[in-house]
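Please open the model in a viewer and keep the sequence panel in view.

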Amino acid sequence: LGLACVGLWRLFSERSYDVAVVGADLQVGPPLRKLPTVLLGLAWLMSFVFALGPEVWYDSLEYHLGLPYRFLMEGRVAVYPGQMYSHLPLNVEMLYTLALAVHGPTLAKLVNWGLWMLLGCSIRRLGAEIVGSRAAAWAAAVVACTPAIFFNARVTGTEIALTLWSVLALVCGWRWMRTDEPRALILAGVFGGLAAGAKYAG
């Protein structure tokens, strides 16, 4: 995220550089224009099917769902001396706590899957403003089909939410740099804070 912010600053500090030129040469024929959308849709559909299955990932059972389940059983949010993960911010796990209370682990997995869908839309939005809609569509499809991203989309974790909020912070920061709109800067700070509260290592 830090490197991305530095890159955005460099783009605007060099007024002679037109970022729209980056995607201007991306010309594809009609058969390929819909390919990134098809790839994105297939990735979303496949991960949705996987998300309906039981949770078996160690990290999820240990604390992404393990801690929320314990919070619900005890009726409180607490820090446990023998559980090092309970010292983390856990803002994503709070979403899973609500999902567990409403409909169990399947809904918690679908919450993460929904965040992944929003991530694809956010990447397309950010890319469309920087390099054009065609390049942005391919960027979203490539990210969705990346094995590590695809895996995390079908389990309960923090990586998808961390990435989503980081991208949304970039979207709002980019808009503020172009328009000087105060609301965009505030939203960039909000999403940046959510990303920081998702995972220390992020």
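**Stop 1: a nonpolar patch**

Select Leu32, Leu35, Val38 and Leu42: in this predicted model, these residues form a nonpolar patch on the surface, with about 310 Å² of accessible area together. Patches are made of residues with over 30% relative accessible area and no salt bridge, like charges being joined within 9 Å and nonpolar side chains (Val, Leu, Ile, Met, Phe, Trp, Tyr) within 5 Å. Accessible areas come from the Shrake-Rupley method with a 1.4 Å probe, and for residues only the protein chains shown count as cover. Helix 3 (residues 35-51) gives the most to the patch, with three residues. Leucine 32 lies in helix 2 (residues 30-33) and is partly exposed, at a relative accessible area of 42%. Buried denotes under 20% relative accessible area, exposed over 50%, and partly exposed in between (1.4 Å probe, protein chains only).

Residues are numbered from 1 along each chain as its sequence is written. As the model is predicted, local features need pLDDT of at least 70 and side-chain atom pairs count only at pLDDT 80 or more, while totals for chains, interfaces and linings use all residues; side-chain values use heavy atoms, with hydrogens and water left out.

**Stop 2: the whole chain**

The secondary structure comes to 11 helices and zero strands; helices (H or I, at least four residues) and strands (E, at least two) are DSSP runs, numbered from the N terminus. Of the 202 residues, 39% are buried. The protein exposes about 11,200 Å², of which carbon and sulfur atoms supply 69%. Among contacts (heavy atoms within 4.5 Å) between residues at least 6 apart in sequence, 72% join residues at least 24 apart.

**Stop 3: serine 60**

Select serine 60 in helix 4 (residues 58-64). Is serine 60 buried or exposed? Its relative accessibility is 0%, so serine 60 counts as buried. Leaving aside neighbours within four places in sequence, serine 60 is in contact with Glu55, Leu65, Gly66, Val155 and Thr156.

**Stop 4: helix 11**

Move to helix 11 (residues 182-196), whose 15 residues reach 21 Å from first C-alpha to last, close to the 21 Å expected at 1.5 Å a residue; the expected span is 1.5 Å times one less than the number of residues. Its buried residues are Ala184, Ala188, Phe191 and Ala195. Viewed down the axis of helix 11, these fall within an arc of 75°, so they line one face of the helix; the arc is that of the directions from the helix axis to the C-beta atoms. The buried residues of helix 11 pack against helix 10 (159-179). On the other side of helix 11, Pro182, Arg183, Ile186 and Ala196 are exposed.

**Stop 5: salt bridges**

A salt bridge is a side-chain nitrogen of Lys or Arg within 4 Å of a carboxyl oxygen of Asp or Glu, and the count by this rule comes to six.

- Select glutamate 159 and lysine 199, which meet in a salt bridge (2.6 Å, N to O). The pair links distant parts of the chain, with glutamate 159 in helix 10 and lysine 199 in the segment after helix 11, 40 residues apart.
- Select arginine 125 and glutamate 129, joined by a salt bridge at 3.1 Å, N to O. They are separated by about one helical turn because they are four residues apart in helix 7 (residues 105-130).
- Finish at Arg70, Glu74 and Arg76, which are linked in a network of salt bridges. Between arginine 76 and glutamate 74, the closest N and O atoms are 3.4 Å apart.
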